[in-house]
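Good morning, and thank you for coming.

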Amino acid sequence: MKKKYLTYAGIVSAIILVVMFALILLTGSFSVFSSVTIDPIPDHAAGDLMVITGTTNIMAGRTLELDVVNLSSAPGTNSRVGETDAFIVRGGGLSNTWSGALDTSAIPPGEYQVNAYSVNDTGSRIALLATSQLTLTGTTPTLTESPGTVVNQTPFITVNPPGTISLGEKLLVTGTTNLPENTELLYLVIQQSNASVLTVNPNTQEQDLKGGLTRSGVIPVLPGIGDINRWSFAVDSTEFIPDQYQVIVTLENISVENIGKEGPFGTAPLVVEEAILNNSTTSIPESSLCQAITIDSFPAQLTNRSYTITGTTSLPAGTDLLFEVFPTEFDVNVNMGTPGMSGSSVGASDDVEVVRGAGNTNLWSADVDLSKFPPNEYLINISNDRIDNRTYARIYGDIYCSERFTLSG
């Protein structure tokens, strides 16, 4: 009897081991008890996009919820200052990996705690599984009114085009508005086609259909420079599929079906491409076009009135920049009766100073009056070039950004 009992016990043990091995093989984890670890978080400049990572034995394809809480908040007050989702992907060995993109633009410098929660299929929290400390460095920007800034009467929201990214990439989508600070905006990232991607797990033959993705959230208007304020939000494309998307930002109290019919809104395309593994690319130097300095989005068609053009830069506050507006082409006249040529063009230039922004992103702005400009195609250029005050010679720098616009009558 004892032998038979031991035989049965051995069979049961073998079955348990086989089941455990199958679970590990199929899911990349064996989660009798869910566990999460958060990788050490280095000090980070407030205002930048940061990526928080870690490991877990929770099944790949699920999500975690990350909360950022203020350690210095008074008891009984809402101490949460930020939140984001973290996506779990298959790792190696007995653990999977996860990552979450956090926009710190609305979080002031200070000491914080990151809490990682497991969630169920409906998105509700199940349990707090891990915590970690987060230190945001820098100073809170104190931006003052820019002299000569034109007050924009009509409310507007602009979106800086995010361009093309690779699947799984994290990015910070930004833009401008003349709406007051702390106004709540609604953002949406909407897939433009009905395309779907069907994946089949080779081990379980389980099918997963991804498509029709929409991401949304509510964000506050942040202080900018002059009458032009700013907004931003983080995008984690881990759960996207390669396709074309549309970014839409509008007032939070505008219903989705009324976007474009009432209230200001901004929109820009986003393209997500398939990630290329082992792709060795040469990093773009900071001195290249629109890398260390950018121009915020503005209408491609402008009229004969005053505008405030804004942008960002990684150059330190106090740096002088050269702002220029000139036509892309100008007329050249040849008089056969007199030697030489004559030309006529209209343009403008001004020195602008970089002011402190948030984190590693500082700001600049320039006012331009187009009322004396004839209809034409023009170029806005911002650079760290300078003009020698004695010889009036141009001394070229290594950082610049240019954008075209058409001036209508």
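Which residues are linked in a network of salt bridges? They are Glu 65, Asp 67, Arg 80, Glu 83 and Arg 125. A salt bridge here is a side-chain nitrogen of Lys or Arg within 4 Å of a carboxyl oxygen of Asp or Glu.

Before I continue, a word on the source. This is a predicted model, in which local features need pLDDT of at least 70 and side-chain atom pairs count only at pLDDT 80 or more, while totals for chains, interfaces and linings use all residues. Residues are numbered from 1 along each chain as its sequence is written, and side-chain values use heavy atoms, with hydrogens and water left out.

Let us turn to one pair of that network. Between Glu 65 and Arg 125, which form a salt bridge, the closest N and O atoms are 2.8 Å apart. Glu 65 belongs to strand β4 (residues 63-70) and Arg 125 to strand β8 (residues 125-137), so the pair ties together parts that are 60 residues apart in sequence. Strands are DSSP runs of E, at least two residues long, numbered from the N terminus. Glu 65 is buried because its relative accessible area is 13%, whereas Arg 125, at 36%, is partly exposed. Buried means under 20% relative accessible area, exposed over 50%, and partly exposed in between, with a 1.4 Å probe and protein chains only.

The structure holds 10 salt bridges, and I shall show two others. The side chains of Arg 230 and Asp 296 meet at 2.8 Å, N to O. This pair links distant parts of the chain, with Arg 230 in strand β17 (residues 228-236) and Asp 296 in the loop between β20 (293-295) and β21 (301-302), 66 residues apart. Both Arg 230 and Asp 296 are buried.

Glu 324 and Arg 394 also form a salt bridge, at 2.7 Å from N to O. Since Glu 324 lies in strand β23 (residues 320-327) and Arg 394 in strand β31, the pair ties together parts that are 70 residues apart in sequence. Glu 324 is buried, with a relative accessible area of 10%, and Arg 394 is partly exposed, at 29%.

Finally, I turn to two loops. Where is Leu 179 placed? Leu 179 sits in the loop between β11 (170-177) and β12 (184-191), and a relative accessible area of 11% makes Leu 179 buried. Asn 182 lies in the loop between β11 and β12, but Asn 182 is exposed, at 55% relative accessibility. Although not a glycine, Asn 182 has a positive phi of about 75 degrees. Tyr 392, in the loop between β30 (386-387) and β31 (394-395), has a positive phi near 60 degrees.

Terms used: Helices (H or I, at least four residues) and strands (E, at least two) are DSSP runs, numbered from the N terminus.
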